Amino acid sequence: MLTFALAKGGLLKDSIKLLQSIGLDFSAFLDPGFRQLQITDPTGTAKALLVRNGDVSVYVQYGQAHLGIVGYDVLREQRPNVAQLVDLKYGGCRLSVAVKESSPYRSSLDLPMHGRVASKFVNCARDHFDSLDLPVDIVPLYGSVELGPITGMSEAIVDLVATGNTLRENGLIEIETLFYSTSRLIANPLSYRLNTDQIADYVAKIRDQVNATALV
């Protein structure tokens, strides 16, 4: 049976809406009182796993899910062995460098050599500063990254930004954007090549739906 890995959180509602548009209903995951982490579509043709955003590509890479929906930011950070098939266009955000508004830094190159940059996107942050030939110390943080500059632990952060409200409320400003991110449809490479459980048909339906929506 075809299996999808769906991310908890901000992408879930739009992901379920997209799959409903091609005839698959996993809306039970949206019920606040629902606790099951694996469900089967009422038609019996597919099932879905509800996992952390950062785990979607893991389930897909190791074959427990044939297809998954995950943010491009996760793919850039984790670099998993998966096939990236469709830009789904929703869940838009950007990965940016941010600093205290009161600081003198207004670009990445303004940061001091061997300064500290806090981020949960360790690989993306390191790639960015390596490309500038600017040696910095990347401090891994996995919650409330904004506290890095606020407390003086770091000169800057690299973090996802959607509206920018959290940065502004904490006295931080963006000074550089590394890349923009949207949700992506990914597949297990071997399953996709072998067209296991008619993966290609579902991918084509999803691509057609995304293209049709873009034309509206």
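**Exercises on a two-domain model**

**Exercise 1.** Find how many salt bridges the rule gives across the interface of domain 1 and domain 2, and say which side chains meet.

Solution. Before counting, note that this is a predicted model, where local features need pLDDT of at least 70, side-chain atom pairs count only at pLDDT 80 or more, and totals for chains, interfaces and linings use all residues. Residues are numbered from 1 along each chain as its sequence is written, and side-chain values use heavy atoms, with hydrogens and water left out.

- Step 1: apply the rule (a side-chain nitrogen of Lys or Arg within 4 Å of a carboxyl oxygen of Asp or Glu). Across the interface it finds 1 salt bridge.
- Step 2: look at Arg 79, whose side chain meets that of Asp 127 in a salt bridge at 2.4 Å, N to O.

**Exercise 2.** Work out where the two domains lie in the chain and how far apart their centres are.

Solution.

- Step 1: the domain assignment (automatic or from a database) puts 2-90 + 182-215 in domain 1 and 93-180 in domain 2.
- Step 2: taken over C-alpha atoms, the centres sit 30 Å apart.
- Step 3: for the contact (heavy atoms within 4.5 Å), domain 1 supplies 6 residues and domain 2 supplies 9.

**Exercise 3.** Say how much area the domains bury and which residues of domain 1 lose the most.

Solution.

- Step 1: buried area is the accessible area (1.4 Å probe) that two parts lose on being put together, summed over both. Here that comes to about 720 Å², with 48% on carbon and sulfur atoms.
- Step 2: on the domain 1 side, pick out Asp 73, Glu 77 and Arg 79, which together make up 69% of what that side buries.
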